[in-house]
Amino acid sequence: MKDAVQTKTILRALAGETLPTPPIWMMRQAGRYLPEYKATRAQAGDFLSLCYNPELAAEVTLQPIRRYGFDAAILFADILLVPQALGADLWFVTGEGPRLSTITAQSDFDVLKPVSAIHDTLNPIYETVRILRKELPEETTLIGFAGAPWTVATYMIAGQGTPDQGPAHALMQGNVALFEALLARITAATIEYLSAQIDAGAEVVKIFDSWAGSLKGEAFQKYAVAPCAEITAAIKARHPDIPIIGFPREAGDGYIGFHSKTGVDCVALDNSVSAEWAAAKVQVDGCVQGNLASSHMVTGGQALVDETRAIVKALSNGPHIFNLGHGITPDADPENVRLMIETVRAG
Ligand code: CP3
């Protein structure tokens, strides 16, 4: 197995190797900025039908690999499929985003399904993973993922995305027992979900804590660090060779020590921290991923080239996977993605 691991650049970086050119992939690389994505999504009918259609979900996962030759493919799915598998209602409002049934009282929690039931809903996702492992080029690494418990809980509590995660903070203050019971249920479900993705063929898993930045001080330790450490320990116990990427987005100083506190192999960085800072404070502990501002995929030009080069240079003395600081947006120009990749690979 070790020999196979050495051939894939993403796995080499995740094992701690400093490579002459960082491997590259991009958050939301399958998405609405690509005309071929929009065509397949239309064929599926809507976003959730696309997620649960293994052939079409595999197809959109492969589209950016064919177009650009990224070093990794990320499974096409969504972090909100776990709440749905736990029994929450989930739908997407075009132009607005996700909507879910809310959890504000014990009675809302009591009707959720047990963790053992999640695979009934999530089996098509594992089938997508199996198809991808067959169809991906040999050199391309397959990344599975899930949302971190805090981020998933913010959507389950509020029933939608919120600018400041107010409803989740309010439940934490007002009914901490219910809040922690919900986090524990999501944590246990996430362990089973990621483990099943790995059994189906995922070679790396990433934990997206998109709203980690709104947890401060003790709350960051309890509700971002601790659940990530618990998931990482459980996955490592079952699958010791599978690297894990943690993404406590906008954690700021919380990025410092995140590798050692959680056991993740790589810390993904948003673009609110500079690459120089990250090299000194975070990369000293292991592999980092990031962190070009996704706005460059809209604006392009020399600024894109300069900033890409600066990030590659600042992080060149340690293990690094090049990526954006957050997902690419629908208004991005696909040619700017090509320019970013060419700039990284030109060294
Ligand atoms: O990165 C990839 O290409 C893999 C697939 C992926 C999606 N969502 C597809 C998607 C991944 C890894 C996610 C993660 C995700 N989903 C996160 C964490 C990362 C982040 O962006 O912070 C979150 C918070 C979600 C929840 C979610 N899904 C929201 C808030 C939205 C609406 C916002 C938007 O961009 O429309 C989604 C929808 C979604 N998930 C789309 C895609 C391609 C767009 C849906 C469409 O095609 O209409």
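What follows is a short chat about a predicted model.

Q: What kind of model is this, and what pLDDT do local features need?
A: The model is predicted; local features need pLDDT of at least 70, side-chain atom pairs count only at pLDDT 80 or more, and totals for chains, interfaces and linings use all residues. Residues are numbered from 1 along each chain as its sequence is written, and side-chain values use heavy atoms, leaving out hydrogens and water.

Q: How many bridges join strand 6 to strand 7?
A: Two bridges join strand 6 (residues 244–248) to strand 7 (residues 266–268). Glycine 246 has valine 267 in strand 7 as its bridge partner.

Q: Which peptide bond is cis?
A: The one joining glycine 290 and asparagine 291, with omega about -10 degrees. Asparagine 291 is in strand 8.

Q: Switching to helices. At what angle do helix 9 and helix 10 pack?
A: About 95 degrees, with their axes 8 Å apart. Axes are lines fitted to C-alpha atoms, for helices over the stretch in contact, and angles run from 0 to 180 degrees between N-to-C directions. So helix 9 is roughly perpendicular to helix 10 (angles of 65 to 115 degrees count as that; under 35 is roughly parallel, over 145 roughly antiparallel, and the rest oblique).

Q: Which residues meet there?
A: Trp150, Thr154, Ile157 and Ala158 in helix 9 meet Pro167, Ala168, His169, Leu171 and Met172 in helix 10. Contact means heavy atoms within 4.5 Å.

Q: And the largest pocket: which residues are closest to its centre?
A: Of the 43 lining residues, Arg28, Arg32, Phe47, Asp78 and Phe92 are closest to the centre. On a 1 Å grid over the protein atoms alone, a pocket is an open set of points where a 1.4 Å probe fits, with protein on both sides within 12 Å along at least five of seven lines; lining residues have an atom within 4 Å of a point.

Q: Which strand gives the most to that lining?
A: Strand 3, with three residues.

Q: Back to arginine 28: where is it?
A: Arginine 28 is in the loop between helix 2 (9–14) and helix 3. Its phi is near 60 degrees, a positive value in a residue other than glycine.

Notes. Two strands pair if DSSP finds at least two bridges between them. Helices (H or I, at least four residues) and strands (E, at least two) are DSSP runs, numbered from the N terminus.
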